[in-house]
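Please read these notes with the model open beside you.

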Amino acid sequence: MDVRLRIQRFNPEQDDGPHFEDYTIDAEPMDRLLDCLHKVKAYEDSSLAVRRSCGHGICGSDAVLINGVNALACKVLVKDVKQPITIEPIRGLPLIKDLVVDMDPFFQGYLEVKPWLIVDPVAKEPERERLQSQEERERFDDTTKCILCAACTTSCPIFWSDGGYVGPAAIVNAHRFIFDSRDEGARERLEILSSKNGAFKCRTAFNCTAACPRGIQVTKAIQEVKQAALFGSF
Amino acid sequence: MTTVEQVYQKHRPEAFEAKRKPSSFEVWSWFFMRISGVLLLFLVLIHLFIMHLVGSGVERVDFAFVARRWDSVGWKTFDWLMLFLALLHGTNGLRIVIDDYLRKPPLRTAVKALLYTLTVVLMIMGTAVIVTFDPTVGA
């Protein structure tokens, strides 16, 4: 079947600004949008810049705006979207070329919440594994699913208006450690998230929850982080 | 043993330069909004009921009505609490709206200064009216 695509193009060496171009390709209803982008690149215009790695919803490289909704191009099927299918880069990050954006500001926010295990630096290296009960693991199970695709952060209206906001993805990854019984850095992380542009910049628009391709309850996680900051419960 | 932190420090040193001022102001302002919102829901509904629905409604509100009402410390406290919470709830809400929508720092500061001045003036005026109210003036 014919599939009509409207793809936002931008070549920084030639164009003044981004513009849309229409393509009609042959694809099956069960094809993924990533397959369509590959077809455009292979048969229509090889200069199309697309970021993707695994193509199976795990690496988080190919988050794009599909008909106005953030999603992974490798997880959306042709039959599930209305034509013409509009594909734009994710919003709120500097545009590099076509569908590729500069992810540095996104990872800056991510690293600010110290997304690694923090343990007592005085203690010696452990002699055995750090044990945890199933209940303790369950507490933060939802936020371990994050693949850092930036679909949530770049769907957030607060992140669009103020890039200083750490963004939902950073808070989700802070949540993953704050509620981990093995981690000792909760206070440190909550102090960062209590400051200006931290978790309290969230206005519960719920765009992040709607955008997450992994189905993480992002807004819920953010609210839990706010509660932890207020009541010291973690 | 190399830790994750050391790997990041080596490859993304700029991420460790960002310094955030530690402050719990946003935490408490967020909490205040929740608490004042719940309290205002009751205060305002009671206020509306008394002023607009009971008897002939707002038509019967005159100086004598206010004088009778403010004879009681309880109603004075009720009205002042409503003034205090509504004013701060509204100001804090506008502060957040300004932070979200005004992007130029000088403009943002100017508008916020105006907002805070207005809040202080209204708070002083309202408090003065309630505290210095003299029911015998009209008599």
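1. Start with a salt bridge between the chains. R12(B) and D104(A) meet through their side chains, with 3.2 Å from N to O. Keep in mind that this is a predicted model. In total, 3 salt bridges are counted between chain B and chain A.

2. Which elements of chain B give two or more residues to the side that touches chain A? They are helix 1 (4–11), helix 2 (25–53) and helix 4 (73–101). Helix 2 of chain B gives the largest share, 5 residues. By type, the residues on this side of chain B divide into 12 nonpolar, 10 charged and 1 polar.

3. Now the size of the contact. Chain A puts in 28 residues and chain B puts in 23 residues. Together the two chains bury about 2400 Å². Carbon and sulfur atoms carry 57% of that area. Three residues of chain B deserve a look: R20(B), W30(B) and D100(B). They supply 30% of the area that chain B buries against chain A, more than any other three residues.

4. Step back to the whole of chain B. It has 5 helices and 0 strands. Read from the N terminus, the order of its elements is α-α-α-α-α. Why is chain B described as more spread out than a compact globule? Its radius of gyration is 24 Å, while the globule rule gives 14 Å for 139 residues, so chain B is well over that value. The C-alpha trace of chain B spans about 85 × 30 × 25 Å along its principal axes.

5. Of its 139 residues, 26% count as buried. Next, take the contacts in chain B with a separation of 6 or more: residues 24 or more positions apart account for 65% of them.

6. Zoom in on T119(B). It lies in helix 5 of chain B, residues 105–132. Is T119(B) buried or exposed? Its relative accessibility is 9%, so T119(B) counts as buried; the cut-off for buried is under 20%. A polar atom of the T119(B) side chain lies 2.8 Å from the backbone oxygen of L115(B). Leaving aside neighbours within four places in sequence, T119(B) is in contact with L87(B), L88(B) and T91(B).

7. Finish in chain A, with E21(A). This residue sits in strand 2 of chain A, residues 19–26. At 30% relative accessibility, E21(A) counts as partly exposed, because that class runs between the 20% and 50% cut-offs. The side chains of E21(A) and Y23(A) are joined by a polar contact of 3.1 Å.

8. Which residues does E21(A) contact, leaving aside its neighbours within four places in sequence? They are L5(A), R6(A), I7(A) and R9(A).

Technical notes. Residues are numbered from 1 along each chain as its sequence is written. Chains are lettered from A and ligands numbered from 1 in the order in which they are written. This is a predicted model: local features need pLDDT of at least 70, side-chain atom pairs count only at pLDDT 80 or more; totals for chains, interfaces and linings use all residues. Side-chain values use heavy atoms; hydrogens and water are left out. Helices (H or I, at least four residues) and strands (E, at least two) are DSSP runs, numbered from the N terminus. Buried means under 20% relative accessible area, exposed over 50%, partly exposed in between (1.4 Å probe, protein chains only). Contact means heavy atoms within 4.5 Å. A polar contact is a pair of N or O atoms within 3.5 Å; within protein, one must be able to donate a hydrogen and the other to accept it, and residues adjacent in sequence count only if both atoms are side-chain atoms. Buried area is the accessible area (1.4 Å probe) that two parts lose on being put together, summed over both. A salt bridge is a side-chain nitrogen of Lys or Arg within 4 Å of a carboxyl oxygen of Asp or Glu. Ala, Val, Leu, Ile, Met, Phe, Trp, Tyr, Cys and Pro count as nonpolar, Asp, Glu, Lys and Arg as charged, and the others, Gly among them, as polar. The radius of gyration is taken over C-alpha atoms; the globule rule is 2.2 Å times the number of residues to the power 0.38.
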